[in-house]
Amino acid sequence: MSLRKRQRSASSSRLAAFCSPPSPPPPSSTSSSPDPLTFPNADVFLRLHLDPSSPDDVDAMPDIDCHLSAAASGTFLDLHVSSASLLRSRYFAALLSDRWPTAASGRLSLAVVAPPFCPRPFDAHIQVLRLLHTLDFAGAIRSPGDALDLLPVALLLLFDACVEACIRFLEAVPWSEDEEARVIDLARLLPADEAADLLARVSPPPVAAGPSSAAGVAARSPSEAMLHGLIHSAIHGHPVHAATKAFVAMLLKDYPSRDCVHKVLDEAFQSRLDTVKELMGKYASPDFRVAVDSDEREAIQRLNLQSAVLNVKHLYWLIERMVDLRVADNAVMLWSDQAALATDLQKLLNDADMWRNMTPGLPMLVTRCTLRLANSVITGETLVPRQVRMMLVKSWLPVLNVCRDIVQPMHFQKATNCQELEEAFLQIISTLPVPEARELLQQCLGFSTRNVDDCPHLVAAFKTWFRRAGRPPLGGEN
């Protein structure tokens, strides 16, 4: 971490144009600024002011904020901030140290460079200052545009936690073409290892990397045991099923410890998934087919498959709760690592008489589970490493292909679900490095079998890949 911080410090020198050396703000007696914006536990005044070298024409700017004023030195914004929170920024930590005479006065100044005619030049700085106080990155970074607006300011202020949150979000979600161009520009300001995570998606990479991690399971606390029991009641024996599920969902949403809810939902998901795998494994087992006579085997298989359908329904309810609470990362990882389960499902779906007579709803239930998780990945609600995103598509694409061939002649709504999953998989593929994206896109040609004119999502995916593959490598500058 210390090496990465040193690298980031060096990279931040390229942002020097965004910041002037600290200088005391104009005396308050010469300013008619209204009361400053105030943060909790504030004990320091900070003035944001437009850099005199900025190309912005202050006179041509519209009214932009009730707290903005025009003084002799240009447009500025006063804020009342917490010095303890500012220390999370290594820039402010240095500024507040004994090395700078402004620290003793309790008044700081920061120059801001804004593009011409920018209506709200201080917005990104205010957001980063708010994050210094709250650390609520999930609440502030909800789109690539948010991350791209905050990242230059976080780099300027050496706010490492914010930089890492922005990079992690950008690495995990799809970008528009304009956002992609902004990412390429900003990557030049990042250390080489951090830039590589972003640039690997948009050009053939000069190098490849990617470690993985694992997590352990601890004993349940009393609160965890209570939540576990509530979830068990919601998805099992309570007679008023829908009302109980709705009530438990509300409790999970309002419970103050997100980590506790995360752990309990993970355990419930793992348990239901293991049950589905066991039941599908019994169906696919050649030993079971030989050891039991045909009538008894059919009766047992019917019970096993109907139980599997019920447990997949439970899985879908759990997935919805996890996605809504933004704690579905482990569920996506587990679901992406189910190549064996996907193979067993393909065996069942290829046995048309068996699943149509016993479990006609199973193909779409599985598709809905995969679609819900995939959508949470492409919207940024669930952030997972690229290896997990790749395996999610790789494991479940064969099942999608079988389901699509089965349901299209049967039911329009089911076919629509399959097309939505096609589009979600193509979006995930767009977040992968060029070589991995090529491998998976070649397996998606079946998406065009309905009608060549009815697959714009596939056409767009290939155009994006060819545009990126045609670029020269961009990762060697750092």
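These legends walk through several close-up views of a predicted model. Residues are numbered from 1 along each chain as its sequence is written, and side-chain values use heavy atoms, with hydrogens and water left out. Because the model is predicted, local features need pLDDT of at least 70 and side-chain atom pairs count only at pLDDT 80 or more, while totals for chains, interfaces and linings use all residues.

**View 1. Y91 and F92 form an edge-to-face aromatic pair.**
A search of the whole structure turns up 5 aromatic pairs. Rings of Phe, Tyr and Trp (its six-membered ring) pair if their centres lie within 6.5 Å; planes under 30 degrees apart are stacked, over 60 edge-to-face, and the rest tilted. With Y91 and F92, the ring centres are 5.3 Å apart and the planes meet at 75°, so this pair is edge-to-face. Y91 is buried at 16% relative accessible area, and F92 is buried at 0%. Here, buried means under 20% relative accessible area, exposed over 50%, and partly exposed in between (1.4 Å probe, protein chains only).

**View 2. W465 and F466 make an edge-to-face pair too.**
Their centres sit 5.2 Å apart, with 80° between the planes. W465 is buried at 15% relative accessibility, but F466 is exposed at 54%. Elsewhere, F269, W335 and W396 come together as one aromatic cluster.

**View 3. Arginines R47 and R107 sit over rings.**
R47 lies over the face of F76, 3.8 Å from the ring centre. R107 has its charged end over the ring of F45, 5.1 Å from the centre. To count, NZ of Lys or CZ of Arg must be within 6 Å of the ring centre and within 35 degrees of the ring normal.

**View 4. R201 is buried but has no salt bridge.**
You'll find R201 in the loop between helix 10 and helix 11. Helices (H or I, at least four residues) and strands (E, at least two) are DSSP runs, numbered from the N terminus. The nearest side chain of opposite charge to R201 is E171, 5.5 Å away; Lys and Arg count as positive and Asp and Glu as negative, with His and the chain ends not counted. A salt bridge needs a side-chain nitrogen of Lys or Arg within 4 Å of a carboxyl oxygen of Asp or Glu. The R201 side chain does reach the backbone oxygen of T431, at 3.2 Å.

**View 5. S203 is buried in a loop.**
S203 lies between helix 10 (192-199) and helix 11 (222-235), and its relative accessibility is 1%. Leaving out residues up to four places away in sequence, S203 touches V434, R468, R471, P472, P473 and L474. Contact means heavy atoms within 4.5 Å.

**View 6. E180 and R468 form a salt bridge.**
The structure holds 17 salt bridges. Between E180 and R468, the closest N and O atoms are 2.8 Å apart. This pair links distant parts of the chain, with E180 in helix 9 (residues 177-187) and R468 in helix 23 (residues 456-469), 288 residues apart. E180 is buried at 1%, and R468 is buried at 5%.

D324 belongs to helix 15 (residues 294-324) and R372 to helix 19 (residues 362-378), so the pair ties together parts 48 residues apart in sequence. D324 is partly exposed, at 46% relative accessibility.

Terms used: Polar contact = N/O pair within 3.5 Å; in protein donor to acceptor, adjacent residues only side chain to side chain.
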